[in-house]
Amino acid sequence: MKIDRRSFLSFAIGGAAGTALTPLPWKLTDDMSIWSQMWPWTPVPARGAVTVVKSACTLCPGGCGINVRKVDDRVVKIEGLPDHPVNDGSLCTLGLAGAQLLYGPRRVKTPLKKVNGRFVAISWEDALAEVSEKLSDLRAKGGAHTVACISSSDRGTVAELLARFLRVFGSPNFIRMPSSQDAYEVALYLTQGVRAIPGFDVEHSDFVLSFGSGLLDGWGSPVYLFKAHSQWRDQGGKLIQVEPRLSRTAAKADQWVPINPGTEGALALGIAGVIIKESLYDEKFVNSHSSGFQEWKRLVIDGFSPEIVSKVTGVKVTVITELARSFARANRPLATGGRGKGTSPGSLKEVLAVHFLNALVGNLGQKGGSWAVPEPEYIDWPELEMEQAASTGNQQTRIDGAGSDIYTHARYLANRLPEALLTDPGYQPVQVLFISEANPAYSLPDTTAFKDAVAKIPMKVSFSSYLDETAELADLVLPNHTYLERYEDVPAPSGYPLPIISLVRPVVEPKFNSMHTGDAVIQLAKALGGSISKAFPWDSYEECLEETLGDKWESLMEQGYWVDSEYEAPGWSEAFETASEKFEFTSREISALGNYSLVKPEGDEAFFPLVLIPFDTMRLWSGYVGSPPFLIKSVEDTLLQKNEVLVEIHAATADSLGLGSGSTAVLTTPKGKARVKIRTTEGIMPGLIALPRGLGHTANDRFLAGKGVNYNRLAGPVEDGATGHDAAWGIRARLAKA
Amino acid sequence: MSTVDEQSKAASGMDEGHIPQGVEEKKQDGSSATIILFFVFGFIASLIVGWVVFPKLLYSSRPQPVEFNHLVHNEMVDEGCESCHFFREDGSYSGVPTLAQCIDCHEEVQGDSEAEEYFVTEYVQRYREVPWLVYSRQPPCVFFPHSAHVLKAGMDCVTCHGSIGESESLRPYEQNRISRYSRDIWGHNIAGISRNSWDRMKMDDCAECHQRENVNQASVQTKRGGCFVCHH
Ligand code: SF4
């Protein structure tokens, strides 16, 4: 038998015929098609028991309630808590992306200590021992007041525990990060005599006149504002946006009033002048419940006629009078201040000018008006027993000067820290700095000065859950649990008109070797002993929280929030606690602060012919929490292209500089330089450069770091003559072809 | 140029000049027999490959991580399969039990079986979940709610899962090397022939029953018909 080519051929034909009679071809075809649907990278919903935990979001001061969906022990989705008074089931993109802050790579996994410039892991025991040793040493040497703490908030049990720790230890240096609340609090105190939180019943207003407030860009409580906005839409309410740049809020408003930056206060006074002249104001309020009106009226009418105001602001006289009339004639008009997200205090006189508009139309404490929300009172801990070291320490002047003879009205002046630390008084005024839930090395204007100043502090202790810019500067990082792993109370959402507390509760077990900052403080106090230890009679933070919330605890555990829905602002006869028991348009104290004047941006006009202003968007966050990866992905390419940020300038300005859209330029301010790309637009006043806030991180994670430019690196504070707060709204700048 | 005749000779392989007539005839007979033989070889070999070798190659086989006797457990519980494979409060189905269901009885080693000791020391005492290999796991693109089938339609477990509840040991888990499915989805018969309703779990089997029983032809959630009844 000879095997030749034909044999093979016939073998193959036989094989083919046989194969056709087996399942092989059909089965393989089926398997291959299924194989092509089973790529390992296709996301697959997790299996397991689905549970939902009610909690609250702490990622911004908005105070939303959340429903966290879990499959077994894994968080898979965060949704808005239905019926929560602030957000009623809705959520913003940052809130939605919260799980990435739990599982993402920016977490600090264990206490860290800096040794020779590098972090090494250390145990909690050693870390806390190191801090408490340093503290007792300091106190023994009479340096208790050289301990300071920077915190994003001064409300709620965690901030109060830190503040209490400082007080009983002997330091007056608890410092809250700046925000528009700073100036508003002073305005409420000076005009109404109350220590209160500014609240705005935007939901029920039908005519909102916003002086640069990014009502739809993250101002106040963002989701509450979004919901209010849809309500206006449905009910024919109006939104007027006064702002130098066509922001998203301006674009969605019924009218955008472009204005020279920093002159918003002048416009408010101009509008007030027209209202007064045409007797459009609320006579009942002004005549019976206010004092100093006549004096203030003269100032306004003489100094802020529509013609003068028009020249200053660039807003036409007719627009000014029109605005005044429609504002005063609306049923429930409301004026809001605080630029962008309200992350900067601004000038007191400007805030007062806006606040006076609300007073003129008599909306204080009224439906749809401006409210003075009482500070939460549920934190009622035992009196402190003050040892000698504590009393002496607390009598020292604060490091930031707040409350001193020069800065009588300010409570906190974080913007003054670098200056205070860098002017050498012959000794180191801060020996230990705590930083809790804040990222000042990124968020305070003039980050370089802050970093230089902080470098002089012998011991910096960060409680951050993330390796952010400030944590990187620290000598010790004592990581807090993230908000999805801990208990905490969230009182007083920014700008929300009712007294409300939401409860953050652990959704999952802590993923890493972190510790609740509340527990860390309690343990430090216990280690220090004596009256300090006695001031913290709880075994754990959880015990402290439950005890503090008392009878509200049940409803918080059940509903996720507690709200005083019966709350009504006091009537005008009881509302004001000033000397006159009336609303004060002017008083000795107010007059002492001088008249309204424009805040000049830093820098010499000859060198820096343009002005750089920041702007905010819901996709970029510039506070303690930097944008998680989902948000960075959503940033439009008109703001960020690859790693390059785009600045907006008016087409005419770009022309005069010979810069085309898409070209690269070097942006220089008195504080620093950066490479930027140019985007020309008609939606901005000429002569300005607008840069988004929230980019230019150097730390956190690779999804956030290295993208764009941090506005605060290029900017610096301008001290408000009246309060000492940072009143800057921009900085002089120059653009040159790269 | 060759003639037509020459060409045909060359094509048939007949070249009178080199091969004697008789030999040529014999070769022709032998050659056709060889051809047929090879055809048969090929035919039979491919049948063997297709029916016997291919299934062996296609599936990998491995034992379950822990031995388990359904029969023994079934006799001890009150609510049959649902005692361990239960519905959660929200109606979702718990599937293969987790340690939480085992731990009540198996916190300590019971009896003296080696498998029991292994289970308790390796898993229970170390709080490690057993990575059970699920025979009937549908691929991720399928949305299969047990509640609709068991609670609403009143089907019993045996209809799809057969008599596994009476088994005394767990058979090896076989996995398709290409599609990565469990073998139970296609069924153990490589030809896909099923005698019982639990022999196969392919899409056609679902569809056949859905049509026969005149099940909703649109998804309850999305209101979309066709594929979306079962697929995401
Ligand atoms: S608005 Fe603020 S509080 Fe609300 S979900 Fe967004 S980040 Fe969280």
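**Exercise 1. Where is Thr22(A) found, is it buried or exposed, and which residues of chain B does it touch?**

Step 1: Thr22(A) sits in the loop between H1 and H2 of chain A. Helices here are DSSP runs (H or I, at least four residues), strands are E runs of at least two, and both are numbered from the N terminus.

Step 2: With a relative accessible area of 2%, Thr22(A) is buried. Buried means under 20% relative accessible area, exposed over 50%, and partly exposed in between (1.4 Å probe, protein chains only).

Step 3: Set aside its neighbours within four places in sequence, and Thr22(A) is in contact (heavy atoms within 4.5 Å) with Ser46(B), Leu47(B), Gly50(B) and Trp51(B).

A word on the model: it is predicted, so local features need pLDDT of at least 70 and side-chain atom pairs count only at pLDDT 80 or more, while totals for chains, interfaces and linings use all residues. Residues are numbered from 1 along each chain as its sequence is written, chains are lettered from A and ligands numbered from 1 in the order written, and side-chain values use heavy atoms, leaving out hydrogens and water.

**Exercise 2. Describe how chain A and chain B meet.**

Step 1: Start with the residues: 31 of chain A are in contact with 34 of chain B.

Step 2: Now the area. The two chains bury about 2800 Å² between them, 73% of it on carbon and sulfur atoms. Buried area is the accessible area (1.4 Å probe) that two parts lose on being put together, summed over both. Pro23(A), Lys27(A) and Met38(A) supply 19% of the area that chain A buries against chain B, more than any other three residues.

Step 3: Look for charges. There is one salt bridge between the chains, formed by the side chains of Asp30(A) and Lys202(B) at 2.8 Å, N to O. The term means a side-chain nitrogen of Lys or Arg within 4 Å of a carboxyl oxygen of Asp or Glu.

Step 4: Find the elements. Helix H1 (5-20) and helix H2 (24-35) of chain A each give two or more residues to the side that touches chain B. H1(A) gives the largest share, ten residues.

**Exercise 3. How many residues does helix H15 of chain A have, and how many of them are buried?**

Step 1: H15(A), residues 348-360, has 13 residues.

Step 2: Of these, 13 of the 13 are buried, so H15(A) is largely enclosed by the rest of the structure.

Step 3: Just after H15(A), Gly362(A) takes a positive phi of about 65°.

Technical notes. The expected span of a helix is 1.5 Å times one less than its number of residues.
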